[in-house]
Amino acid sequence: MTARRRVLVVDDDESIRDTLQFALSDEGYEVRAVPEGTAALALLREWHPAVIMLDMKMPGTDGWAFTASYRQMPEPRPPVIVVTAAADAATWAADVGADDVLPKPFDLDVLLATVERHASTSDTPQTRLHKDDSYFT
Amino acid sequence: VEHSVTEHKLQRAASDKDPLFRLLVESVKDYAIFLLDPRGYIMSWNEGAERIKGYRPDEIIGKHFSIFYPARDVQHGKPDYALKVASDEGRWQEEGWRIRKDGSRFWASVVITALFDADHSLVGFAKVTRDLTEKKRAEEERAQLLELEHAARTRSEMLVERLRAMQSVTEAALSDLNLDDLLARLLDRVAEILSVDTVAVLLLEEDSNTLVARAAKGIEEEVDQGDRVPVGEGFAGRIAAERQAVILDDVEHAEVLSPILHTQGIRSLLGVPLIIEKRVIGVLHVGSRHRRQFNTQDTELLQIVADRVALAIDHAELVEAAQSARHEAALAEATVKARDEFISIAAHELKTPLTSLQIASQALLRRLDAGATLEPASLQRTLLTVDRQVGRLSRLITQLLETVRFQAGRLALEPARIDLVPVVQGVVDQMQPRSERHTVVLHAPESISADIDALRFEQVVTNLVDNAIKFSPEGGPIDVTLQGAANGSIRLAVRDHGIGVPPEHRDRLFERFYQAHGTDHRSGMGLGLYITRQIVEMHGGTIEAEFPPDGGTRFVIKLPALEASALAQEAV
């Protein structure tokens, strides 16, 4: 398994965290899930995912506050996919400069294709490290 | 003898002493200059005297000078009095009417001077008379003109005043006040213009063909009591029926229905119809406490004012109709907006469990399609998620439907004598597994019996515990306390140690769709507490939110002791 297959899920809904973990694990992704932005920012310091799936409305640090802090982190940064049930999902995604948006509900196929597309082009220190690793394996 | 001596002296003085002077006197034409003897008999006559009084010298010399006075003056002894004053004081002067030979009157300026000889004894009088009739007439004409001018000025001033008053009525009528303020202002003006004690406006209620007191000054009770006068009856009714002004000079002898007019001591009344486009819309009447004869001018003025009042009422009614239409439109808009928001919130809430369901089930299918083996533990966990999301969806849909039913007033209680403790325990047991971070604890006696709709009560407890979990994201204890008093009343408290409710949101906590944390938390649809309160109130109880100083929220429900039958009755 490479870091290309690491996904961070940030969502306050337990069932969403569970099902995304379940579905993405099946495809070989390593998934970590947290209920809000502050926990996500803390995790990002030590764990480098290829993709971040971000809910917007959350108690504590919400999607807007999270992306504001996230933009302060050194580049390269993994792409952000906004995942929301809100009617104005696309507007919110544009607001925070997200790389993609998945309006809830969505098909598993769409989820997998979207994650795969961003994971394969993701350029983070960790993915590069793992690319290098692959030379030695 | 003595008299003839003085007479002689006088004549000598007049005729012999200075012929030139005599010539002068005789030829003066503008003045009647003649001599009287001490008793008032005429002794000489000049040309002026003849011209003014019409007598020739031979006709008048030797006659008494009282012949020139009007009979009335002679009766009053005025000629003798004049001579007495002249002899006592030397001189008598006056202006007054005198009579010519032809009997016509002329306005005379008269000076009578007493004449004394060297021994200071009276020898007669010199009388000088001027005809001032022309002057008098001119003066009188001038006075008359002045009077006319004065009257004209007074009249025009009054007209200007009325115009000004009318202008103020018109201005008031056109101002954008509401009808009540407008009428109050107009009535003040009317009272001022006509100097009356009472003013009242009655408007026609078309359905019942009745006049209803709408505004009044001096007889405000009429409006307060909502006085009604059928068209055709009484004073006001007659005005509306006849479509013309009615004047009552004395109320006591007329048919006036309003007892208020009697108790207020109104003596005289004047009323005119309020007409818009040939349609009588009401009556305007004024009253006076002292007996007063309202005249045509008053009537005309009141009718002019009434026309403006009618216009104002028409105008204000249009404005009010427009305002109420705007208000209704705004209300409808707000309702639509609230419903749109509700639908948007509902859609948002429904989409989240739907996403979990969709992904979980599709992931399971994908595994089966790939021919992968499913570990029982993983399968169980996924199916548990599916099950929970189905339950969640079901609860959301139930809430939506119940809200709709509450709004339509179609929710009946089915109360029965039950033990509340197992009901609440059941909720606690059901809710506990939904959060690992919370400890839901019930504090209750062995049993509490009450007449209650068990399903609804369960729903109340579920909502409150669900809220407690939602709004204490850090976890911690949730205390559910159930107490029963000796009188049969019940108290249920649910306490969390969560984020509480900001003070600015506390007032509206129980409103439909109200989300105290709506902007920064996914807190649901804002229906839980609304439904909870509806159920509690249907049981005749109360719900309050308390915010303990050490944080969190405590919801307290108090239900009175009620017989099941009484509740069932109430629910119907």
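This is a predicted model: local features need pLDDT of at least 70, side-chain atom pairs count only at pLDDT 80 or more; totals for chains, interfaces and linings use all residues.

Residues are numbered from 1 along each chain as its sequence is written, chains are lettered from A and ligands numbered from 1 in the order in which they are written, and side-chain values use heavy atoms, with hydrogens and water left out.

Reader: How many residues of chain B are in contact with chain A?

Author: Let's begin with contact, meaning heavy atoms within 4.5 Å. On the chain A side, 27 residues take part, and their partners in chain B number 25.

Reader: Which helix gives the largest share of the side of chain A that touches chain B?

Author: Helices here are DSSP runs (H or I, at least four residues), and strands are runs of E with at least two, numbered from the N terminus. The interface of the two chains has five salt bridges, each a side-chain nitrogen of Lys or Arg within 4 Å of a carboxyl oxygen of Asp or Glu. On the chain A side, helix H1 (14–26) and helix H5 (108–121) each supply at least two residues. The largest share, eight residues, comes from H1(A).

Reader: Which residue of chain B forms a salt bridge with Asp109(A)?

Author: Look for the closest N and O atoms of this pair, which are 3.8 Å apart. The partner of Asp109(A) is Arg366(B).

Reader: How many residues does the largest nonpolar core have?

Author: A nonpolar core is a set of buried Ala, Val, Leu, Ile, Met, Phe, Trp, Tyr and Cys residues joined through side-chain atoms within 4.5 Å. Buried means under 20% relative accessible area, exposed over 50%, and partly exposed in between (1.4 Å probe, protein chains only). Leu420(B), Phe457(B) and Leu482(B) are among those with the most contacts inside the largest core. That core has 44 residues.

Reader: Is Asp250(B) buried or exposed?

Author: Asp250(B) lies in the loop between strand S8 (246–248) and helix H11 (259–263) of chain B. Its side chain makes polar contacts (N or O atoms within 3.5 Å, one able to donate a hydrogen and the other to accept it; residues adjacent in sequence count only if both atoms are side-chain atoms) with the side chains of Arg267(B), at 3.1 Å, and Arg291(B), at 3.2 Å. With a relative accessible area of 15%, Asp250(B) is buried.
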